[in-house]
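This report describes selected features of one protein model. Please consult the sequence and the coordinates alongside the text.

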Amino acid sequence: MSSASDPLVALAGLPGVAESVESVRKAVDRVYGHRVMRRRSGEITSEAALRGARASAALSGADWALEEVRRRTDFGSEPEALAVGAALRLTAEAGQLLSIWRQSPLRVLARLHLVAVGSTAAGDVVGRPRLAGEPVDEPLVEAPLPSADEVAGRLDGLSRLIIAGGSAPALVTAAVVHGELLALRPFASYNGLVARAAERIVLINSGLDPKAICPAEVGHAEAGTAAYLAAFEGYLSGTAEGMSAWIAHCGRSVELGVRESTAVCEALQRGAA
């Protein structure tokens, strides 16, 4: 990230970013204006959480059918089942951490990792950034792993940006939080799930999606793993073009999440769900 005093605002000024921000805002406003939202917003929130968790798990290699995720209560010890269970727990936990995020984002990230690992926690690697020499299990991302010292420094920088607040659009902040955590892979496991849960927290906490009905995770998964990783390469590049492409990808993902929830609204309106 830039060393400028407010790099998030600088990113908001990149070519194409303002258009992405405006497009996302219009899409979110449309779904919030749906007539079903006035009477059954709680149901939309619950369904969005389930679909978002399923999608995030799919990006982590556990691509289960929605009805299978809805049906299951035991997520066992197999890697895919553990990933789905972790995604569901993270989505549920995200809403409980909103008040802490702006004051102590690193505490929230530690809590998210602890929740993701769940009852399978082993040793002292859970809920803290990795130390030098500790391995990371994140098969989706093959980019070089930053050193533990770099992780600590960049996490501190990210925390300072969040605590400082500022006028950057929610989409920009969410995209940077997501991209930075995916780049750093600060924990021993479940970094992708944690990164996407943190993106969710930013979108909710910013006021863009206060009822959590616009699951960006759905859009990331719908676009496909290849598109997700290609856009992430743009973030890793640190170039203006690459950063703009990553923010645009995150914006499209929010819009696809809006489309998903709009379809749920329409189904409820027809009495089909």
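## Geometry of helix 10

How far apart should the ends of helix 10 (residues 191–205) lie, at 1.5 Å a residue? The model is a predicted one, and in it the end C-alpha atoms of helix 10 are 21 Å apart.

Helix 10 is mostly covered, with 14 of its 15 residues buried. After helix 10 comes glycine 207, which has a positive phi, near 95 degrees.

## Aromatic pairs

How many aromatic pairs does a search of the whole structure find? The search finds four. One of these pairs is formed by tryptophan 64 and phenylalanine 75, whose rings are stacked, at 6.3 Å centre to centre and with 25 degrees between the planes. The angle lies under 30 degrees, so the pair counts as stacked. Tryptophan 64 belongs to the loop between helix 3 (37–59) and helix 4 (66–71), whereas phenylalanine 75 belongs to the loop between helix 4 and helix 5 (79–94); the pair therefore ties together parts that are eleven residues apart in sequence. Tryptophan 64 is buried, with a relative accessible area of 13%, and phenylalanine 75 is buried, with a value of 16%.

Phenylalanine 232 and tryptophan 246 form an edge-to-face pair, with 6.0 Å centre to centre and 65 degrees between the planes. Phenylalanine 232 lies in helix 12 (residues 225–237) and tryptophan 246 in helix 13 (residues 240–270), so this contact ties together parts that are 14 residues apart in sequence. Both phenylalanine 232 and tryptophan 246 are buried. Ring pairs also join these two residues with Tyr228 and Tyr235 in a cluster.

## The largest pocket

The largest pocket has a volume of about 310 Å³. Its lining comprises 14 residues, of which Ser60, Ala83, Asp137, Pro139 and Tyr190 lie nearest the centre of the pocket.

Which helix gives the most to the lining of the largest pocket? Helix 5 does, with four residues. By residue class, the lining of the largest pocket holds eight nonpolar, three polar and three charged residues.

Note on methods
Residues are numbered from 1 along each chain as its sequence is written. This is a predicted model: local features need pLDDT of at least 70, side-chain atom pairs count only at pLDDT 80 or more; totals for chains, interfaces and linings use all residues. Side-chain values use heavy atoms; hydrogens and water are left out. Rings of Phe, Tyr and Trp (its six-membered ring) pair if their centres lie within 6.5 Å; planes under 30 degrees apart count as stacked, over 60 as edge-to-face and the rest as tilted. Helices (H or I, at least four residues) and strands (E, at least two) are DSSP runs, numbered from the N terminus. Buried means under 20% relative accessible area, exposed over 50%, partly exposed in between (1.4 Å probe, protein chains only). On a 1 Å grid over the protein atoms alone, a cavity is a set of points where a 1.4 Å probe fits but cannot get out, and a pocket is an open set with protein on both sides within 12 Å along at least five of seven lines; lining residues have an atom within 4 Å of a point. Grid points are joined across faces, edges and corners, and a volume is the space filled by probe spheres set on the points. Ala, Val, Leu, Ile, Met, Phe, Trp, Tyr, Cys and Pro count as nonpolar, Asp, Glu, Lys and Arg as charged, and the others, Gly among them, as polar. The expected span of a helix is 1.5 Å times one less than its number of residues.
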